[in-house]
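Reader: Could you walk me through this one? I'd like to start with the ligand and go on from there.

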Amino acid sequence: MRKVRCQSSGSCEQVSDICVSLRKATFDDEDRLFMWATDRETRRQSVNQGLITFDDHHQWMMERLCDSHSHVFIARADFDDIGTMMLDSRPNVLSKSSFYNRGMSRHARVSITVAPIHRGRGYAAPMLTALCTKARALHIRTLEAVVKRENGPSLSAFRSCGFWVSYKQNSLWTLDYRLSGRGYPE
Ligand SMILES: CC(C)(COP(=O)(O)OP(=O)(O)OC[C@H]1O[C@@H](n2cnc3c(N)ncnc32)[C@H](O)[C@@H]1OP(=O)(O)O)[C@@H](O)C(=O)NCCC(=O)NCCS
């Protein structure tokens, strides 16, 4: 298995031979993102499991691509688009359970979806590593993710990039990550 290791100090050390590049999503990605968002496993692992119509998705694209608080990326590796990630710092989406959302500014929620045909190939951690680099460039200091307890691949990927579980509530776990300085709370 190709691996990425990130130090808990917050400085990502890439030891993988998977090279992931990120580009900003555009309206040309609308169909691709719709397919990935409506995939059964993606819906099952989402906090909001409701069905998404294409109209809903179109509205979401219009809002997210034009909002300076959100950054939607397409990840590319091995000559293919392998998935999508978002950094979202809208106050209403940030988790009250996040350790860093209590007082830290420049905080963002991370979401990740690997394209169904590319799952299970070890792409998730290198994607998150690439996202950490983008987040630093955007002057974001801390990250959070909200993951279902039973979502083993997601929890493993976030943990192997240095995210730590800061809060457990029923089936939802909040994970946090500090991009600079120490990875864990002082
Ligand atoms: C979650 C998701 C991004 C993970 O990507 P992936 O390509 O499936 O996973 P990877 O092959 O990169 O493996 C990730 C880790 O999970 C581990 N893993 C794989 N299958 C696993 C399983 N069934 N149970 C537990 N761990 C598993 C891998 O060994 C790897 O661990 P490591 O980083 O410690 O080596 C992807 O499955 C996905 O898009 N799922 C649907 C949407 C989703 O759940 N998004 C996350 C919401 S928070």
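**Ligand shell and core**

Author: The ligand is surrounded by 23 residues, and the closest are Gln 45, Ala 124, Gly 152, Pro 153 and Ser 156; a residue counts as near if its C-beta atom, placed from the backbone, lies within 6 Å of the molecule. This is a predicted model, in which local features need pLDDT of at least 70, side-chain atom pairs count only at pLDDT 80 or more, and totals for chains, interfaces and linings use all residues. Residues are numbered from 1 along each chain as its sequence is written.

Reader: Which elements give two or more residues to that shell?

Author: They are α2 (40–45), β6, α4, β7 and α5. Helices (H or I, at least four residues) and strands (E, at least two) are DSSP runs, numbered from the N terminus.

Reader: And which one gives the most?

Author: α5 does, with six residues.

Reader: How do the shell residues divide into nonpolar, polar and charged?

Author: Ten are nonpolar, ten polar and three charged. Ala, Val, Leu, Ile, Met, Phe, Trp, Tyr, Cys and Pro count as nonpolar, Asp, Glu, Lys and Arg as charged, and the others, Gly among them, as polar.

Reader: Back to α5. Which of its residues are buried?

Author: Ser 154, Ala 157 and Phe 158. Buried is 20 or more other C-beta atoms within 10 Å of the residue's own, exposed is 12 or fewer, and partly exposed is in between, with C-beta atoms placed from the backbone.

Reader: What about the largest nonpolar core?

Author: It has 35 residues, and Met 127, Leu 128 and Leu 131 have the most contacts inside it. Such a core is a set of buried Ala, Val, Leu, Ile, Met, Phe, Trp, Tyr and Cys residues joined through C-beta atoms within 7 Å. The largest share, eight residues, comes from α4.

Reader: What is Leu 128 in contact with?

Author: Leaving aside neighbours within four places in sequence, Leu 128 contacts Ile 112, Ala 157, Phe 158 and Cys 161; contact means C-beta atoms, placed from the backbone, within 7 Å.

Technical notes
Contact = placed C-beta atoms within 7 Å.
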